[in-house]
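Work through the exercises below with the sequence and the model open. Each task is followed by a solution in steps.

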Amino acid sequence: MSTNASSVDPLATLGSLPGVADSVDSVRKAVDRVYGHRVMRRRGNEITSEAALRGARGSAALSGADWALEEVRRRTDFGVEREARTVGAALRLTAEAGQLLSIWRQSPLRVLARLHLVAAGGAAADDTVGRPRLAGEAVDEPLIEAPLPDASEVTGRLDGLAELIISGSSAPALVVAAVVHGELLALRPFGSYNGLVARAAERIVLIGSGLDPKSICPAEVGHAEQGRAAYLAAFEGYLSGTPDGMAAWIAHCGRAVELGVRESTAVCEALQRGAA
């Protein structure tokens, strides 16, 4: 998607695509239901913590580390082999996302740099961490095989995306979150952890927009539950830039949020029964 800033709000126009309004309405109703659950009034912090854990697990699964939830819950060492590093990065990103809301609307590129630094764990000694890649630098993103935009295109499109976020949009939160997610996945601006960063940025938009202020509707769970094949097929729609393709990607992201709502609703029910 082209994100060049203009007098027309390009994100708002996506809200009028066929089926998008239905997705937005369905997501809003689902979110409202879980926020109205009686357990949320008494144990909301527990739901938020559990949603963060499950969201991190889902995001890591899409990046090749499909661990059982209890394995993620019990492990303390995430610094050795590749899958462990991926899970550790996802956990750190989920924890960090809620701390960056006040910065996101003023300086989204600064937030993206911070997210990559957090994902990398501050362990990398070179200067590639926390900045967009330069010409000739490799990208380690095994799931996404789409053509890689060159460094100059990455810079231009990141600037355009940042301008849209800073200027604000009348588009529904789901639409904005889906575009941020899709654009970062398309650009893969960093040398590593781009999928994790893209999904963390989606989370930030959903929280900061007010759609999910307590961060209890982990879209990452839904993306993982729909499976890698469906995720990549929907992403191909985003890459196409066609109205049908964009609508399909937004609908996929909407379904991911709804599945995240279902997950947290199950947690609420378990707490209510005294089983968790």
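The model is predicted: local features need pLDDT of at least 70, side-chain atom pairs count only at pLDDT 80 or more, and totals for chains, interfaces and linings use all residues. Residues are numbered from 1 along each chain as its sequence is written, and side-chain values use heavy atoms, with hydrogens and water left out.

**Exercise 1.** Describe the salt bridge of Glu46 and Arg43.

Step 1. A salt bridge is a side-chain nitrogen of Lys or Arg within 4 Å of a carboxyl oxygen of Asp or Glu. For Glu46 and Arg43 the N to O distance is 2.8 Å.

Step 2. Both residues belong to helix α3 (residues 38-62), where a spacing of 3 residues puts them about one helical turn apart. Helices are DSSP runs of H or I with at least four residues, numbered from the N terminus.

Step 3. Relative accessible area is 38% for Glu46 and 24% for Arg43. Each is therefore partly exposed, the class between buried (under 20%) and exposed (over 50%), with a 1.4 Å probe and protein chains only.

**Exercise 2.** Which parts does the salt bridge between Arg203 and Glu220 tie together?

Step 1. The closest N and O atoms of Arg203 and Glu220 are 2.8 Å apart.

Step 2. Arg203 sits in helix α10 (residues 194-208) and Glu220 in helix α11 (residues 219-226), so the pair ties together parts 17 residues apart in sequence.

Step 3. Arg203 is buried at 7% relative accessible area, and Glu220 is buried at 4%.

**Exercise 3.** What is the nearest side chain of opposite charge to Glu258?

Step 1. Glu258 is located in helix α13 (residues 243-273).

Step 2. Glu258 is buried and has no salt bridge; the nearest side chain of opposite charge is that of Arg255, 4.4 Å away. In this count Lys and Arg are positive and Asp and Glu negative, while His and the chain ends are not counted.

Step 3. Apart from neighbours within four places in sequence, Glu258 is in contact (heavy atoms within 4.5 Å) with Ser26, Val27 and Ala30.

Key. Helix = DSSP H or I, 4+ residues; strand = E, 2+ residues; numbered from the N terminus.
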